[in-house]
Amino acid sequence: MGERFKVLIADDEYWTREKLRKMIEWEEYGLELLPAASDGEEVLMRMEQQCPDILITDINMPFLNGVDLLKKIQESYRDVITFVISGYNDFDYVKGAFLAGSINYLVKPVSKLDLVNAIVKALDLIQERRSQKAQEAQKKLELSKAASLMQDREFSQLLEPKQLLPGTHITMSCADPAGICLTLIKIHNMAGLMKQCGYDMNLISVSIKNRIRSTIGAGALMAFNYIYRSNEFIIISDIEQDSYLPLLKHLLDELCGWVSSPLTIVASDPAYSIDSIYQAYVQVVSLLMTRTFTTDSCFIQACRDSSANGREVKNRFSDVLAKELQALLKSGNRKGIYELVFEKAGIRHCKETSWTYLEVRQAVKRILNILLADAEKRLHPEELLQAESMVEMADKAVELLDETYLCEMIEDTIDSILTAGTDETADTMQETVRQAAAYIQEHYFEPLTLSGLSEQFHVEHSYFSKMFKKETGETLMMYIAGLRIQKAKQYIKENAGTLTEIAFMVGYDDYTYFNKVFRKLTGISPRDYKKNLG
């Protein structure tokens with residue numbers, strides 16, 4: 001059933017109220033008939049609590065007559081649709097009712113047809129008003145999104161100093177530049193938010209910035225989405241730190257209640273000029289790397305004493321482990337590789353052993369570089385291209401702070417490299433792979449994972465990965481990447497949005513990474529591809 005509309009009848013005659021109540025089957029038409037009121041004062045007392053959509057009132061009632069009641073309703077509850085039922089067929093009464101906002105005037109005794117027509121007219125008017133409001137709200141939202149995008153593009157230049165063009169000037173209305181603080185908000189997993197906002201990056205940007213402004217207030221001199229890192233939002237504020245830091249912690253709580261993702265908020269030391277904002281950004285990114293690799297959200301504040309900023313970074317993947325991994329790859333010992341990477345090095349237990357974000361990133365980077373170096377020695381160019389793409393995807397997975405997903409991506413990369421060029425025999429899975437491919441065609445923009453798809457199609461994920469490659473000639477993640485870039489090219493041809501927006505539409509929340517994947521699969525950057533279309 002659709003939306004239900006509330007109807008309130010007001011009449012001082014009991015039998016009139018009962019006749020109207022029984023005249024039609026209110027519930028069958030999605031109408032909720034509220035308990036009737038016997039006078040105008042009772043109606044006013046119940047308006048705030050019961051919120052009727054339609055009011056049917058008599059004219060001649062004690063304490064407060066119908067015309068005076070309608071005037072008060074029009075003043076305070078303009079969205080309520082009202083019409084009058086009365087025993088008076090007098091022009092003055094009719095005129096008074098319409099001037100007071102009534103849409104209809106029915107003379108007693110009221111027929112069923114008259115009542116039905118009046119209700120239909122009221123419902124049509126409700127729908128018309130709501131439609132107008134929806135259109136106005138949509139128009140306002142589109143204007144907000146356009147203004148937000150312009151703001152994001154311009155302010156993002158502050159974090160890309162080499163990209164500033166001659167004659168570019170960005171002015172800040174800050175009375176005391178010495179008090180400027182740069183704050184980074186990092187949303188580590190955009191998947192839930194993307195789905196919630198219909199894969200509309202501009203809507204996400206507007207929504208988050210609105211939450212920032214409602215929490216920080218006028219002290220947020222700038223609040224923008226860094227266009228090359230869609231999951232990063234920047235606040236530049238001149239609020240005194242003692243007052244500002246509690247606001248940031250409150251903002252973290254507010255966003256955690258809305259964004260289904262780990263969040264990191266990092267506040268810099270004070271910046272002293274526009275030029276030093278870039279350095280403040282470098283500082284907060286460095287501090288971000290000191291956070292623990294866990295899906296818990298956290299707040300980090302810069303400390304003027306640099307020795308107190310973060311903790312000592314350990315080398316979690318030593319030279320000894322590196323040489324052992326190289327030997328295992330040379331012998332093709334897959335089981336030994338898994339044991340070394342996930343257990344001996346400890347990647348699978350990085351959360352429980354409190355690795356930092358940077359320690360995980362460095363260890364994973366070294367492991368992936370060794371895998372890629374081995375692949376370069378023995379794979380054909382096409383296979384090597386797939387291996388390189390798998391390595392990049394695994395590297396990108398670190399950002400999600402999800403140890404399980406990260407291990408799956410590394411395992412898939414290892415499998416992809418070790419099985420390249422081999423023709424493993426296995427039971428046919430053609431139908432399952434076809435179903436999976438069809439599903440990916442429909443959901444390519446969603447955060448698809450090997451484990452998620454293998455679970456959905458009831459196949460062990462390592463076996464599913466091998467069979468998918470056997471049937472399609474591509475690894476699962478490369479197949480998804482290829483489809484995303486294919487869709488991106490289509491959107492570019494259709495001029496469906498900016499390149500940053502298109503990247504987001506096909507499932508990439510990081511334009512730099514999208515640019516790298518696009519270039520790798522097409523041999524050209526998205527910008528040059530668009531330019532060549534003429």
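## About the model

Because this is a predicted model, local features need pLDDT of at least 70 and side-chain atom pairs count only at pLDDT 80 or more, while totals for chains, interfaces and linings use all residues. Residues are numbered from 1 along each chain as its sequence is written, and side-chain values use heavy atoms, leaving out hydrogens and water.

The protein chain has an average pLDDT (the predictor's confidence in each residue, from 0 to 100) of 85, and 90% of the residues score at least 70. Over residues 163-178 the pLDDT is below 50, and this stretch has 22 contacts (heavy atoms within 4.5 Å) in the model beyond near neighbours in sequence.

## The five-stranded sheet

Look for an open sheet of five strands, ordered β7-β8-β6-β9-β10, with mixed pairing. Helices (H or I, at least four residues) and strands (E, at least two) are DSSP runs, numbered from the N terminus; two strands pair if DSSP finds at least two bridges between them. At the edges sit β7 (220-225) and β10 (298-301), each pairing on one side only. On average, neighbouring strands of this sheet are turned by 15° against each other, direction ignored.

Seven bridges join β6 (residues 180-187) to β9 (residues 263-271) in the antiparallel sense. Ile180, for instance, has Ala271 in β9 as its bridge partner. Helix α7 (residues 201-216) packs on the sheet, where it touches β6, β7 and β8 (232-237), and its direction makes about 155° with that of β7. Helix α8 (residues 241-256) also packs on the sheet, touching β6, β8, β9 and β10, at about 160° to the direction of β9. Axes are lines fitted to C-alpha atoms, for helices over the stretch in contact, and angles run from 0 to 180 degrees between N-to-C directions.

Ser237 lies in strand β8. With 0% relative accessibility, Ser237 counts as buried (under 20% relative accessible area, with a 1.4 Å probe and protein chains only). The Ser237 side chain reaches the backbone oxygen of Gly219 at 2.9 Å.

Met190 belongs to the loop between β6 and α6 (191-196), and it too is buried, at 0% relative accessibility. Leaving aside residues up to four places away in sequence, Met190 touches Met201, Ile204, Ser230, Asn231, Phe504 and Asp509. Met190 and Pro262 are 72 residues apart in sequence, yet 9.4 Å apart in space, C-alpha to C-alpha.

## A helix pair

Further along, helix α15 (residues 430-443) packs against helix α18 (residues 476-493) at an angle of about 40°, with axes 10 Å apart. Here Ala437, Ile440 and Gln441 of α15 meet Leu476, Tyr479, Ile480 and Leu483 of α18.

Notes: Buried means under 20% relative accessible area, exposed over 50%, partly exposed in between (1.4 Å probe, protein chains only). A polar contact is a pair of N or O atoms within 3.5 Å; within protein, one must be able to donate a hydrogen and the other to accept it, and residues adjacent in sequence count only if both atoms are side-chain atoms.
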